[in-house]
Amino acid sequence: NMSPLRLAIVSCVFASHALLANSHDDAQPQGSCDAHALHQGGEGCGCASATRKATTNANSEQSTTSHQSTHEWPPKGAAWVPAGEFFFGAEKSPYPKDGEGPVVKAKIATPLWVDATEATNQQFSEFVKATGYVTTAEREGWSFVFEPFLSPTTSEKETQAVQQTPWWVQVHGASWRHPEGSDSDIEAVVKPDDEAPPRQKSSTAQKQHAFGTPRVLAFPSWEGARWKHPAVHVSFYDAEAYCKWRGMRLPTEVEWEYAARGGLTNRTFPWGNRHDDLHKRANTFDGSRAFPLYIERTEDANAPPADGFDGSAPVASYPPNGFGLFDMSGNVWEWSVAVDKSTGQTSAHQAVLRGGSFMCWHEHCFRYRVSARLAMEKDTGNYHMGVRCVATARPGEQASATQ
């Protein structure tokens, strides 16, 4: 039995609170979303609904102050981003409550070193090995995972899900090391003998979805170890500790958006405004069915998704933006420090996710735009949340290639 939890759970329109529900109930939960509802008035794929009650801040903050960086300067793997001015935010947003507006003129007074990619499992493992750091998910013993990516065994075992967004399942043992739970591993996929092979279209590869609709399991066929994939299940506290160890820090959301725009002005994406060739530019959801009943699938269960990846992609799988930064749109969400537009000051109490993820799509979570933002509890680090670090350039440094 699960210990008592108080989870900040909201419906698809973020208008009500609910308790964890059994993920295999036959009845469809009230307020469940379909693609049409999500596109017309909803708030997305439920990313903000899968949160844990904040852990003790003292414990989390202590972990960020006990690990000193041993990395050289400039930061390895970081790209030079020049100082400049830009228009921060967007006046028109599919999600007015997210707070993208109003647009304000912002200035980056000092050049930045920005990680060219999201932190990979390889990089995060080096941090953990050097410091002995234990992530929020590991300390709490569980994290939320997108249900279609669970193995049949784990899917049947784990019965607690967010009621209004039941595709978010509480999975014990899920962490950066074991993204889909204890029967998965970043070093290799662990697949019990009695499970159907990934993508195989058979009765054993089907199950009744949490809200009553059968679909093909995604259980990804990862190509061996996932060392080059972004580390996930990373909370704000985990991200903060990792960046500090590297001699860097988390970006403010102003810095993040400036870097994501890559020098472009008044554009929707890091590459401009084109959306028709999205699958060549970013790792996002591109399913042909209403989210999340089918993910990245056509009638042929063996057909690969258009962008080539079921879930996360190895970093730098798509072209960089004008500043040489990869995956500023899609792949996994990235943590940033919230900024109050009225004062220009950062907030010590709020954190904002940026960039969207492989689950985002224009019909249900159009948040892979450069101006998009999603407020999130600091102790939450789910299946599609990672980290990218920045550092302020030192006096006298000049522009250079990625280190």
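In which strand is F146 found? F146 lies in strand β6, which covers residues 142-146, and strands here are DSSP runs of E of at least two residues, while helices are runs of H or I of at least four residues, both numbered from the N terminus.

Before I go on, let me say that this is a predicted model, in which local features need pLDDT of at least 70 and side-chain atom pairs count only at pLDDT 80 or more, whereas totals for chains, interfaces and linings use all residues. Residues are numbered from 1 along each chain as its sequence is written, and side-chain values use heavy atoms, with hydrogens and water left out.

To stay with F146 for a moment, this residue is buried, with a relative accessible area of 1%; buried means under 20% relative accessible area, exposed means over 50%, and partly exposed is in between, with a 1.4 Å probe and protein chains only. F146 and Y383 are 237 residues apart in sequence, and yet their C-alpha atoms are 6.7 Å apart in space.

Now the chain as a whole. The chain has seven helices and 15 strands, and of its 403 residues 55% are buried. If we take the contacts with a separation of 6 or more, 77% of them come from residues 24 or more positions apart, where contact means heavy atoms within 4.5 Å. The chain exposes about 16,700 Å², of which carbon and sulfur atoms supply 50%, these areas coming from the Shrake-Rupley method with a 1.4 Å probe, and for residues only the protein chains shown count as cover.

Let me turn to helix α6, residues 236-245, which is largely enclosed by the rest of the structure, because eight of its 10 residues are buried. Among those buried residues are F236, Y237, Y242 and W245, and also C243. Just after α6, G247 takes a positive phi of about 75°.

C243 brings us to the cysteines. The structure holds one disulfide, a term used here for a pair of cysteine sulfur atoms within 2.5 Å. That disulfide is formed by C243 and C389, with their sulfur atoms 2.1 Å apart. The pair links distant parts of the chain, since C243 sits in helix α6 and C389 in the loop between β14 (385-386) and β15, 146 residues apart. The torsion about the S-S bond of C243 and C389 is about -90°, so the disulfide is left-handed, and both C243 and C389 are buried.

What of C360 and C365? The sulfur of C360 has its closest cysteine sulfur in C365, at 3.4 Å, which is too far for a bond. C360 is buried at a relative accessible area of 0%, and C365, at 0% relative accessibility, counts as buried too.

Finally, one of the sheets. An open sheet of three strands has the order β2-β5-β15, with antiparallel pairing, and two strands pair if DSSP finds at least two bridges between them. The edge strands are β2 and β15 (390-392), each pairing on one side only. Four bridges join β2 to the antiparallel strand β5, residues 112-115; A78 stands opposite D115 in β5, and W80 has W113 as its bridge partner. In a regular strand the side chains alternate between the two faces of the sheet. In strand β2, residues 78-81, both faces are covered, with A78 and W80 buried on one side and A79 and V81 buried on the other.
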